[in-house]
Amino acid sequence: MADAGAIARRVTPRGAGLPWLLCVGFALSAATLATLEGSTPVAVWDVARTIGSHVPLLEVKPPADPLTASIVWQLRLPRVVLGGLVGAMLALAGGSYQGAFRNPLADPYLLGIAAGSGLGATLAIVYGASGSGSSLLLPLAAFAGGAVSVAIAYGLGRSAGPSAGSGALVLAGVTVASFFTAVQALVLQEHSQEIRAVYSWLLGQLDGASWRQVLIVLPYLLPSGAVLLAYGWRLDVMRVGDEEAASLGVDIRRTRLVVVLAATVGTSAAVAVSGLIGFVGIVVPHAIRMLLGAGYRMILPLSVVVGAGFLVTADTLARTVASPSELPIGVVTAMFGAPFFALVLRSTARSAR
């Protein structure tokens, strides 16, 4: 019988250099375009000088126009970096959930994260502090709501017993999401004047991105991402089934728990600063899987790169297509993601026959 390492290596294709080159090129191109394009076009040289002026020891002079330097460093670069981090985390979490539950339709909102974070944000907007205090309260409330929803869903799933399998956890997530959504609707019914602010957050937004927000989410995203990437080979082994993977030395329950917790912490942190942005966790891992047919040791790291490029591209479209107004980024990802989800659902149904 093959060992776990042999199975993990078997699903990792050789000659992965070209896919990596293409994916990194896509992400860099998306970041470059997002930095250059906007209501005020910026030259490539000005972007390079602005970045170089903030790198110690380089002693590069910033652009002669201070407004250009401010646009690049204070407005566009934080938005590109934050969008890249959020997109990378959502895509990585989506691929990890799909591997942990062996469910191609799983995504970061599987266990009610979206509903919990949405309820937390709604309560913060309706009952929370106004002014400068709301900028700190809103992400904290969204993070807490997402974490609480997953904790409840996981407890309900475990109460069904080990024989119920991962399907019980999925159903528990749907139950928790339905309840939290109902509570949110009840709160909005009583405070209709805040509906516009709530739905603006629910549809996703990066217009208020700042370096401060980047620093806030990094302590959550980096450890979560590192754990998920480290567990990629275990997810490859789990593709053969729980019993077979356990016989090869993989602790199924612990692996699933660690992956769920890491993906939930990372997703909650990402959602806390960006609002609810759907379909990234579905589109990106599946696109990589369809093109490469690779295992999770390849899918997960590539999802980080492509997810970052995908969300940065979506954000660029959101702020330029209807300029000078700006579309919610969740609307743009849904326009790409909904048809792709239908394609995945159809192919899944065919393979199950």
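Let's start with Phe 336, which counts as partly exposed at 46% relative accessibility. Keep in mind that this is a predicted model. Phe 336 belongs to a nonpolar patch on the surface, together with Leu 203, Leu 317, Val 321, Leu 327, Val 331 and Met 335, and the patch has about 600 Å² of accessible area in total. Helix H15, residues 329-352, gives the most to that patch, with 3 residues. Leu 203 sits in the loop between helices H8 and H9, and with a relative accessible area of 38% Leu 203 is partly exposed.

Now, the aromatic pairs. How many does a search of the whole structure find? The search finds 5. One of them joins Phe 179 and Phe 180 in a tilted arrangement, 6.1 Å centre to centre with 55° between the planes. Phe 179 is exposed, at 53%, whereas Phe 180 is buried, at 9%. Then we have Phe 310 and Phe 336, an edge-to-face pair at 6.5 Å centre to centre and 80° between the planes. This pair links distant parts of the chain, with Phe 310 in helix H14 and Phe 336 in helix H15, 26 residues apart. Phe 310 counts as buried because its relative accessible area is 13%, under the 20% cut-off.

As for Leu 111, its contacts beyond four places in sequence include Tyr 97, Leu 169 and Val 260.

Technical notes
Residues are numbered from 1 along each chain as its sequence is written. This is a predicted model: local features need pLDDT of at least 70, side-chain atom pairs count only at pLDDT 80 or more; totals for chains, interfaces and linings use all residues. Side-chain values use heavy atoms; hydrogens and water are left out. Contact means heavy atoms within 4.5 Å. Patches are made of residues with over 30% relative accessible area and no salt bridge: like charges are joined within 9 Å, nonpolar side chains (Val, Leu, Ile, Met, Phe, Trp, Tyr) within 5 Å. Accessible areas come from the Shrake-Rupley method with a 1.4 Å probe; for residues, only the protein chains shown count as cover. A salt bridge is a side-chain nitrogen of Lys or Arg within 4 Å of a carboxyl oxygen of Asp or Glu. Helices (H or I, at least four residues) and strands (E, at least two) are DSSP runs, numbered from the N terminus. Buried means under 20% relative accessible area, exposed over 50%, partly exposed in between (1.4 Å probe, protein chains only). Rings of Phe, Tyr and Trp (its six-membered ring) pair if their centres lie within 6.5 Å; planes under 30 degrees apart count as stacked, over 60 as edge-to-face and the rest as tilted.
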